[in-house]
Amino acid sequence: MMANNESSSFGIRLSNAEEVYRRIKEHVRSSLRSLVLETLTTASNNDMNASESDSDEIILSEELHKEETGYLGVHIVLLPPSMSDTTSGGGGGIATLIPPSLHAHLRQHKRQIQQAAGRILNPRKRFRGNDPTLKQGGDPRSNLELRVRRGECRIGEEQGHHNGAKRRCLDTDKNIEGEKKIVANHELHEWNMIVSWLEKNTVLQWLEKASSLVGSKDGNDHSEELTTWFRQLRQSGNCPTQQSKNQHCSIHTAAWRRPFYIQGTYTKSRRDISQTPFYVPSTASSKPINDKSNNDATATNKNANTKPNAMVRKGVSSVEDEICPPIARIACGGISTQNNERPTPSNNNDSQQQVVVDGGEKGAVVYGLCKFHASGREDMDVRMLLPPPSIAEVSAKSDISITGRPFVCEVFDAHKMPSNSDLKKVVKTINCQEEETTAKSIASCVESMTKEVEMDEKGWPQTLVLPHRYHGSNPNGVGVSSPLKLVPSSAFSGLQSETEEKVKYYGCLCWTSVAISSDEELVRKLGCSHWNEEGERDTTKKKASSCIIYPLEIKQSTPLRVLHRRSSDIRTRYILGLSACRIDEHWFRLRMSTSAGTYVKEFVHGDCGRSYPSIGSMLGGRTDITELDCEGIAV
């Protein structure tokens, strides 16, 4: 594009277009890097001085440092000075900012550039549906650029309305010169937008075209033109005029915290708590409720207006609503909203899943969020408990750890990194415990509750949950293990990949139309172990009885209850162990260990023959399940 001796004087080697673009970008970065580092160092020293009294240190492992877990990121948008009407007379201002060849290239592709900018300013909706919960997505860098672009467009629209009013006055006065000036200012604003947001592909196309014409015989050699333009920029930088002193670059910055991961396990001791906020379309007899983490859902429901596409929330709360807000508020000092596509004022509410955000938009996509991930899920009416003593023995005698359901919270754009004491406070807040429950207090509670089954007012049996089978004393039934800990991203990526390899333990309360006279008859028909003998079976100690048929291979078609959202298929699953206990002639309890992905409810009642063999087919009569508990997951 220009001679090497000319380019070397400006510190640029114009070997190809990509190299030119990279060198220009690196030059701008190096000019800002020292300023950014100095600012961040000052801010970091101020933070350290403010927290000298706090002896609780945040210690990250080498692996977490390698992944830059929780590190701060900074993005800077540097825009050139805007061209004013005083600098643009006859197009001279544009030629000062950009070379004539680039100006011609932009004029030639102006429509395509504006169409591309329109697609950026109005991105397509990334999530469909009417789910009012917030969705995590986007990127703080693109969000910053989008906000700046929209701000400039808004200013341009305001100027356009103002100029329109002026134009009407000028038309009455027949001031043609003034009208031309207004049109020129409107075009100038368009050129400011184009020049300020030159896309990389546009610049590379121009550089490729300009470099291909160097030395050509058609007389369009731009090397001298570009050399002159670089020299003018260098001279204007060294000897600024009064006009250039009044022009300043526009600098916009965004700072955010990179995501980090908090791991733990949870239990759920109620049958009206979903894992995540659960919404269904409203009906004529129901009203929508707001997405708030409170227990008075009925009161909120009364104040809501029924709409055709409204959604109704099921359950009094969710595991996510009980875990994520305390983590965000206590451990992370809050979640920033300034890097969203549309920044929202910060609030101190416990619930992070607000229904109406970003100017009234439901289910908006935000960047800053505490995102909940679990290893599988249980239905709303299924409790998630710790293993009973007979199964806990399996964990004690082997390397297998049987716990509650593992989860990982992925935290985006937190105000601070959590310390160990912060995580301990979170556990106490979620579990609603002032002090940690001791083994002695748990033992006393177990002694006072010897019954595991009692009859309800209808005469149906129901199982009771002993205090040692769940964490804490949260009134909504959700508890977490202690301690919570910071983990690398591999723990999150392996959360779902390892789900299909886990062994899961379940407890069931069942009814059958066939009369059962004794435990021996029940055990014989099912070919299983006696109650509380799972430990012997799970540790592969062979029993003398020859009637035990487990592990048992079963074939399960996609259940009818989920066929509307899952593909129809026949899956092979395994019942690894089974024990049974008779309650009366028609009621009995089951405890089983299964391979991951087993539909336990369908294994009991048979799902109209779609799951075989089943408990119903073994007993030879109609069988149904009234209660189901997940009693531990082997990790």
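Biologist: Which residues is Asn-143 in contact with, once its neighbours within four places in sequence are left aside?

Modeller: They are Asn-339, Asn-340, Glu-341 and Tyr-367, where contact means heavy atoms within 4.5 Å. A word on the basis: this is a predicted model, in which local features need pLDDT of at least 70 and side-chain atom pairs count only at pLDDT 80 or more, while totals for chains, interfaces and linings use all residues. Residues are numbered from 1 along each chain as its sequence is written, and side-chain values use heavy atoms, with hydrogens and water left out.

Biologist: Why is Asn-143 called buried?

Modeller: Its relative accessible area is 5%, and buried means under 20%, with exposed over 50% and partly exposed in between (1.4 Å probe, protein chains only). Asn-143 therefore counts as buried. The residue lies in helix H7 (residues 140–173); helices are DSSP runs of H or I with at least four residues, strands are runs of E with at least two, and both are numbered from the N terminus.

Biologist: Happy with that. What makes Glu-63 partly exposed?

Modeller: Glu-63 has 41% relative accessibility, so it counts as partly exposed. This residue of helix H3 (residues 62–66) is in contact with Pro-488 and Ser-490, leaving aside its neighbours within four places in sequence. Glu-63 and Ser-489 are 426 residues apart in sequence, and their C-alpha atoms are 9.6 Å apart in space.

Biologist: On to charges. What makes Arg-271 and Glu-627 a salt bridge?

Modeller: The term asks for a side-chain nitrogen of Lys or Arg within 4 Å of a carboxyl oxygen of Asp or Glu. For this pair the N to O distance is 3.4 Å, so by that definition the pair is a salt bridge. It links distant parts of the chain, 356 residues apart: Arg-271 sits in the loop between strand S4 (260–268) and strand S5 (273–274), Glu-627 in strand S26 (residues 623–634).

Biologist: Which other residue forms a salt bridge with Arg-271?

Modeller: Asp-629 does, with the closest N and O atoms 2.9 Å apart. Asp-629 is in strand S26, and 358 residues separate it from Arg-271. As for burial, Asp-629 has 5% relative accessibility and counts as buried, Glu-627 is also under the limit at 13%, and Arg-271 is partly exposed at 26%.

Biologist: Why does the pair of Glu-602 and Arg-561 tie together separate parts of the sequence?

Modeller: The two form a salt bridge, with the closest N and O atoms 2.7 Å apart. Glu-602 lies in helix H20 (residues 600–605) and Arg-561 in the loop between strand S22 (552–557) and strand S23 (570–582), so parts 41 residues apart in sequence are tied together. Both also belong to a network of salt bridges with Asp-379, Asp-381 and Lys-601.

Biologist: And what is the burial of these two partners, Glu-602 and Arg-561?

Modeller: Glu-602 is buried at 3%, whereas Arg-561 is partly exposed at 38%. In the whole structure, the search finds 20 salt bridges.

Biologist: Last one: what makes a set of residues a nonpolar core?

Modeller: Its members are buried Ala, Val, Leu, Ile, Met, Phe, Trp, Tyr and Cys residues joined through side-chain atoms within 4.5 Å. The largest one here has 60 residues, and Ile-323, Ile-327, Leu-526 and Leu-590 have the most contacts inside it. Helix H13 (residues 319–331) gives the largest share, six residues.
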